Amino acid sequence: MSQKTLVIVPTYNERDNLPALVKRIMAQPAGVEMLVVDDNSPDGTGKLADEIASKNPMVNVLHRAEKNGLGRAYLAGFQWALARGYEFIFEMDGDFSHNPDDIPAFLEAAQGADLVLGSRYNNGIRVINWPLKRLMLSMGAGKYVRFVTGMPFSDPTGGYKCFRRKTLLSLDLEGVRSNGYSFQIEMTHKVWRQGMNVVEVPIIFTDRFQGSSKMSRKIVREAFVMVWRLLLQNKLRRSPQQAGSGRTAVSKA
C-alpha cells in the first residue's frame, strides 16, 4: 500500500509566506510532498509557486481560475491527491498559523485513526497572537458545534487535519455544501457520523503576522446554519450512525 503523504495548502495572496512555508514543510523527516492550490492570487502567489515547483519535484501547484472559497480549494486538492495515490492527506493554512513541525505527530496518530484533528483547546488553550474577542468567538463556536451536533471534539472548527485515503474515499465529496470555515465542521462530522475513528493531537496555533485574515460575517453565518443542517442529515442524532467512533487525545512526541 502506498504511504505517500501530501500537504495541501490553499493560497490567496500568500506570496510573502510561501517560500518559508515550503522550506519548513520540505524539512520534515517524514519526506512529505506539498500541493499549493492557488486561487489566482493578485499578488503573484501562483506564479511564485510555479517557480518553486520547477526547482523542487516535491512541490506541486494546482491553479484555479478565481477565488471560490476555502472548501472548494480543499475539495479540488483532495481529488488531485486521490487520483495520485496519496495515503495521508493534510489540510494546512498557508500563513504559518499551523506549525509544519507537528506533521510527524499527526502521522504517528494517523497510523491508528481515520482522521486526525489538530486541537488548539485539548487540555488547555494554545493560541498565540489572538485578541480576546477572537479567542472567545472560536471557543464559543466550538461549544455551539458540540451542543448542536453532539461531536465530542475539543476543537471542531480547526483547520489542521490529516485524512487517511480510505476516509476521503468513503465520503461523498461532491455532496459537501459548505465553503467557508464551516467546511471544517462538515468534513469532520461526515467522518464522525460514519463511526470512523477520529483522534485529536494538541497543537499551538499562531495567528498570522503577515497578510490579512479571510474571516468574514458571511463565513460566520454559514457556519451557524450549517450545524443544524448536519444534525438533520444525521437524522437528529447527536451520536454516530454506526458504532466505533471515539475520541482519543494523542500527545505529541
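This is a short tour of a predicted model, stop by stop.

**Before you start.** Residues count from 1 along each chain as its sequence is written, and side-chain values use heavy atoms, without hydrogens or water. Because the model is predicted, local features need pLDDT of at least 70 and side-chain atom pairs count only at pLDDT 80 or more, while totals for chains, interfaces and linings use all residues.

**Stop 1: helix H1.** Select residues 18-26. Helices here are DSSP runs of H or I with at least four residues, strands are runs of E with at least two, and both are numbered from the N terminus. Now pick out Leu18, Leu21, Val22 and Ile25, which are buried. Buried means under 20% relative accessible area, exposed over 50%, and partly exposed in between (1.4 Å probe, protein chains only). Where do these residues sit around the axis of H1? They cover an arc of only 100°, which puts them on the same side of H1. The arc is taken from the directions from the helix axis to the C-beta atoms. An α-helix has 3.6 residues a turn, so residues three or four places apart point the same way. Next, show what covers them: the cover includes strand E1 (5-11), strand E2 (33-38), helix H2 (45-55) and strand E3 (59-63). Contact means heavy atoms within 4.5 Å.

**Stop 2: helix H3.** Select residues 70-83. Among the buried residues of H3 are Tyr74, Phe78 and Trp80. Then step to Gly85, which follows H3 and has a positive phi, near 80°.

**Stop 3: aromatic rings.** Rings of Phe, Tyr and Trp (its six-membered ring) pair if their centres lie within 6.5 Å; planes under 30 degrees apart are stacked, over 60 edge-to-face, the rest tilted. The whole structure has nine such pairs. Select Trp130 and Phe205: this pair is tilted, 5.0 Å centre to centre with 55° between the planes. Trp130 lies in the loop between strand E6 (127-128) and helix H5 (132-149) and Phe205 in strand E9, so the pair ties together parts 75 residues apart in sequence. Both Trp130 and Phe205 are buried.

Now select Tyr144 and Phe224. Their ring centres are 5.0 Å apart and their planes at 10°, so this pair is stacked. Tyr144 is in helix H5 and Phe224 in helix H8 (residues 217-233), 80 residues apart. Tyr144 is partly exposed, at 22% relative accessible area.

Go back to Tyr74 and Phe78: with Phe163 and Phe183, they form one aromatic cluster.

**Stop 4: charges over rings.** Select Lys4 and Tyr86. The charged end of Lys4 sits over the Tyr86 ring, 4.4 Å from its centre. The test is NZ of Lys or CZ of Arg within 6 Å of the ring centre and within 35 degrees of the ring normal. Finish at Lys67, whose charged end sits over the ring of Tyr12, 4.5 Å from its centre.

Notes: The expected span of a helix is 1.5 Å times one less than its number of residues.
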